[in-house]
Amino acid sequence: MAIQDRQGFLTILSLALGAFAIGVSEFAAMGLLPYYAADLGVSEPDAGHAVSAYALGVVVGAPVLAVLGSMIPRKLLLILLICFFGLGNLLSAMAPNLTMLIAGRFLAGLPHGAFLGISMLFAAEFSPEGRKARGVAQVLMGLTLANVIGVPLAGAAGQVFGWRLCFVVTTGIAALSALMIARLAPNVQTGPMPSPLRELSALANRAVWMTLLVGAIGFGGVFAVYAYFSAAMLDATDAPSWAVPVALSAFGVGGILGNLIAGRLSDWSRLGGALLLLAGMVLMSLLYAAVIGDWMMMGLALFLLGTTASLAIPLQMRLMDVAGEAQTLAAALNHAAFNAANALGPFLAGRALAAGQGWAATGQVGAALAAGGIVMLGLAWMESRSRARRVMPAVAAGA
């Protein structure tokens, strides 16, 4: 535990609950797609627009809400964001038609990146020196547990009680998170109060953009494999029906282990931790490509890939180091970058499949994207060294 006292534990729990609700809402909506398509009387491709609307909401909402909310104390901003998320889910649950469902999903996506980014920033500020990355990792544990526990339960409940229950439950969890933050979280704010102009300075910061590109490109490697895993296992193996959900849950378990590892790696070295995770991503993607056809080995490879999927933690810590006074926007943009990876990885893997390359191509594309992340990380490292050399003479002259 990154923070030993009771208030610290409950504060982390309140933030992790919000992350859990966001994870369930985002990923369970994909699994429930056939159910709301049938209920609303639309085709599955048309129903897929609701999934795309959520992702669009994340990309749009992360920078906009971070800047607009920069004058609000972080504790209050977190409460408002998770309440807004709950409202979007409630509208989704009540949607009488596809148009309203798309609107509800878009609204629910708007606070996604800002809440997660600011939660990670809040947890880091609240944690003692030397253990800040572990506080960040504990918040993201809620997102990981959503894939292990929440998504399978939401899918099972959706089959029995209907797809709307998922969004009702996530609304309730969001409300509980807001209440706990309001009652238990401290009012922490290091440095000057943020302002929109200071936050927008992140857009002119090369180090911020290079860090974001590491995630936007490199993490596409995970999504290139994950997006097509179920289809590959069903088409290329004789796996039993239970193998796919078990393997997907194993990916989530790997993510839990990865969170614990990444927190410690990031407290040791931001760029070094990111390098080790990306290198592992390359190796596990190549392993996956090599074992296509063996469902047990494919499941093992997916589990191992999950242990590398906590790249957001060292990158968030890196952004805190380089963003200066634009901490809120940089933290929110971190999650927008990972949603860009969610689009890039499956798109490129899909193009390889359409070209007739076979299921192994998804792992090969994943390895290439992770390697691209390493290249960007190297450029970020060189930029930091160059900046350090420019600063040292200035400091010496001032002395």
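At 43% relative accessibility, Ile149 counts as partly exposed, a label for values between the buried range (under 20% relative accessible area) and the exposed range (over 50%), worked out with a 1.4 Å probe on protein chains only. Ile149 has its place in helix α7 (residues 132-161), where helices are DSSP runs of H or I with at least four residues, numbered from the N terminus. The C-alpha atoms of Ile149 and Val253 are separated by 9.8 Å, although the two residues are 104 residues apart along the chain.

This is a predicted model, in which local features need pLDDT of at least 70 and side-chain atom pairs count only at pLDDT 80 or more, while totals for chains, interfaces and linings use all residues. Residues are numbered from 1 along each chain as its sequence is written, and side-chain values use heavy atoms, with hydrogens and water left out.

## Helix α6 and its partners

Helix α6 (residues 112-126) and helix α7 have axes that come within 7 Å and cross at roughly 145 degrees; such axes are lines fitted to C-alpha atoms, for helices over the stretch in contact, and the angles run from 0 to 180 degrees between N-to-C directions. The crossing of α6 and α7 is right-handed, a term used if the near helix is turned clockwise from the far one by less than a right angle, with left-handed used if the turn is anticlockwise. On the α6 side the contact (heavy atoms within 4.5 Å) is made by Leu116, Ser119, Met120, Ala123, Ala124 and Glu125, and on the α7 side by Lys132, Gly135, Val136, Val139, Leu140 and Leu143. Sorted by class, this contact of α6 with α7 has eight nonpolar, two polar and two charged residues; here Ala, Val, Leu, Ile, Met, Phe, Trp, Tyr, Cys and Pro count as nonpolar, Asp, Glu, Lys and Arg as charged, and the others, Gly among them, as polar.

Helix α4 (residues 74-94) also packs with α6, at an angle of about 150 degrees and with the axes 10 Å apart. That angle makes α4 roughly antiparallel to α6, since angles over 145 degrees are given this name, whereas those under 35 count as roughly parallel, 65 to 115 as roughly perpendicular and the rest as oblique. In passing α6, α4 makes a left-handed crossing. The residues of α4 in this contact are Arg74, Lys75, Leu77, Leu78, Leu81 and Ile82, and those of α6 are Ala114, Phe115, Ile118, Ser119, Leu121, Phe122 and Glu125. They divide into nine nonpolar, one polar and three charged residues.

Leaving aside its neighbours within four places in sequence, Ala114 is in contact with Ala62, Leu65, Ala66, Leu81 and Ala332. The C-alpha atoms of Ala114 and Gly69, which are 45 residues apart along the chain, are separated by 9.2 Å.

## Helices α10 and α16

The axes of helix α10 (residues 206-218) and helix α16 (residues 327-354) come within 7 Å and cross at roughly 25 degrees, and this makes α10 roughly parallel to α16. The crossing in which α10 passes α16 is right-handed. From α10 the contact involves Leu212, Gly215, Ala216 and Ile217, and from α16 it involves Ala330, Leu333, Asn334, Ala337, Phe338, Ala340, Ala341 and Leu344. By class, the contact of α10 with α16 has ten nonpolar, two polar and no charged residues.

## Salt bridges

Side chains of opposite charge can pair when their charged atoms come close. A search of the whole structure finds two salt bridges, each being a side-chain nitrogen of Lys or Arg within 4 Å of a carboxyl oxygen of Asp or Glu.

| Salt bridge | N to O distance |
|---|---|
| Asp39 and Arg164 | 3.4 Å |
| Asp321 and Arg270 | 3.0 Å |

Asp39 lies in helix α2 (residues 33-40) and Arg164 in helix α8 (residues 164-184), so their pair ties together parts that are 125 residues apart in sequence. Asp39 is partly exposed, with a relative accessible area of 46%, and Arg164 is partly exposed as well, with 28%.

Asp321 lies in helix α15 (residues 312-322) and Arg270 in helix α13 (residues 270-290), so this pair ties together parts that are 51 residues apart in sequence. Asp321 is partly exposed, with a relative accessible area of 46%, and Arg270 counts as partly exposed at 22% relative accessibility.

Conventions. Helix = DSSP H or I, 4+ residues; strand = E, 2+ residues; numbered from the N terminus.
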